[in-house]
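This report is written for a reader who meets the structure for the first time. Please look over the sequence and the model before reading on.

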Amino acid sequence: MLTAPAVFLKQGQKLQNTSVYIRKKDLETATGKYLAEKLKVEPWYKDIVPNFRLLASESLGDGFESGHAFTSVCINTGIYLSWLVSHCLQKGLTFKRANLKHISDAAQLHSSGQEAHVVVNCTGLSALKLGGVEDKNMMPIRGQTVLVRNEANMMCSSSVTDDGDDEVCYLMQRAAGGGTLLGGSYQRGNWDSQLDPNLAVRIMKRAVDLCPALTGGKGIEHLDIIRQGVGLRPYRHGGTRIEKEKFKGVWVVHNYGHGGYGYQSSYGCSQKAVRLVGETLATKSKL
């Protein structure tokens, strides 16, 4: 049995069984195209994740034609983000809040009072309007979720989009009592930050249909809601931007446009950004 290292628990992370259920007719929808890799019978990560296996047809449920399962990582983001801040503070980092009109202005915010050698741009959706960046490839993808106290003891998703071309079904039980997150939607170009109560009902119904154990088969009225949420994923047409360039004599390393997979890709993306910072500092030291 695969067990998570103790540091995972401190970070609000845990290993969790994950299942993906697929219908062919969903693959051409907006959600289906977004999840194209995940909805392949044998996705690219099949040789990377632990315990990958194809699901037997008798375990798929009505209407599903294929599926797979594996062991993944589920993050309680509230704990994880607090851990990251604490870790940075222990390393001597300084946090500041400021309004910037141009990306090069960030170089003046170094804690030493001197101009920073490098600025790392992780501004997400703000990269659309921030001076010096103004990336027109950026757009929001609106997601809506419902957090409940009910326990699923698993993470699962399906390709079902019968309720709408830009809706999706998934659920994940967060570590350390973080509740079970139900989702969701994939609404490209939608800036609306207000809750849609009708969408919330559809989200809960899809989750209970996919995982009846959430309510012991008793329906959505037996979901114990903690809160509902809306988020705008920082999507970038053409993919994540990780590269360096110079503005007004200031080197900038860009690392933004991760869409809905920022947590999953953060380790790899940050490693590449760090390499670019190192290259930039090495170049500066030779001048």
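## Strand 5 and its partners

Strand 5 pairs with strand 9 (residues 187–188) in the antiparallel sense over two bridges, where strands are DSSP runs of E with at least two residues, helices are runs of H or I with at least four residues, and both are numbered from the N terminus. Two strands are said to pair if DSSP finds at least two bridges between them. Within this pairing, Arg142 stands opposite Gln187 in strand 9.

Strand 5 also runs antiparallel to strand 8 (residues 180–185), to which four bridges join it, and Leu182 in strand 8 is the bridge partner of Val146. With strand 10 (residues 225–236), strand 5 pairs in the antiparallel sense over eleven bridges, and Met139 stands opposite Tyr235 there. Strand 5 itself spans residues 138–148 and is mostly covered, since ten of its eleven residues are buried; buried means under 20% relative accessible area, exposed means over 50%, and partly exposed lies in between, with a 1.4 Å probe and protein chains only.

## Basis of the model

The model is predicted, so that local features need pLDDT of at least 70 and side-chain atom pairs count only at pLDDT 80 or more, whereas totals for chains, interfaces and linings use all residues. Residues are numbered from 1 along each chain as its sequence is written, and side-chain values use heavy atoms, with hydrogens and water left out.

## Strand 1, strand 3 and the residues that follow

Strand 1 (residues 13–22) is mostly covered, with eight of its ten residues buried. Strand 1 pairs with strand 3 in the antiparallel sense over ten bridges, and His68 in strand 3 is the bridge partner of Val20. Strand 1 pairs with strand 6 (residues 155–158) in the parallel sense over four bridges, where Met155 is the bridge partner of Thr18.

Ile75 lies in strand 3 (residues 66–75) and counts as buried because its relative accessibility is 16%. Leaving aside neighbours within four places in sequence, Ile75 is in contact, meaning heavy atoms within 4.5 Å, with Gly12, Gln13, Tyr80, Arg174 and Tyr263. Thr77 is found in helix 3 (residues 77–90) and is buried, with a relative accessible area of 19%; with the neighbours within four places in sequence left aside, Thr77 is in contact with Arg174 and Tyr263.

## Cysteines

The structure holds zero disulfides, a disulfide being a pair of cysteine sulfur atoms within 2.5 Å. The sulfur of Cys156 is 5.2 Å from the closest cysteine sulfur, in Cys211, and is therefore too far for a bond. For Cys269 the closest cysteine sulfur, in Cys122, is 9.6 Å away, which is likewise too far for a bond. Cys156 counts as buried at 3% relative accessibility, and Cys269 counts as buried at 12%.

## The second largest pocket

About 240 Å³ of space lies in the second largest pocket. Of the 13 residues that line this pocket, the closest to its centre are Val160, Asp162, Arg206, Asp209 and Leu210. On a 1 Å grid over the protein atoms alone, a pocket is an open set of points where a 1.4 Å probe fits, with protein on both sides within 12 Å along at least five of seven lines, and lining residues have an atom within 4 Å of a point. The volume is the space filled by probe spheres set on the points, which are joined across faces, edges and corners.

Helix 4 (residues 197–210) gives the largest share of the lining, four residues. By class, the lining has four nonpolar, two polar and seven charged residues, where Ala, Val, Leu, Ile, Met, Phe, Trp, Tyr, Cys and Pro count as nonpolar, Asp, Glu, Lys and Arg as charged, and the others, Gly among them, as polar.
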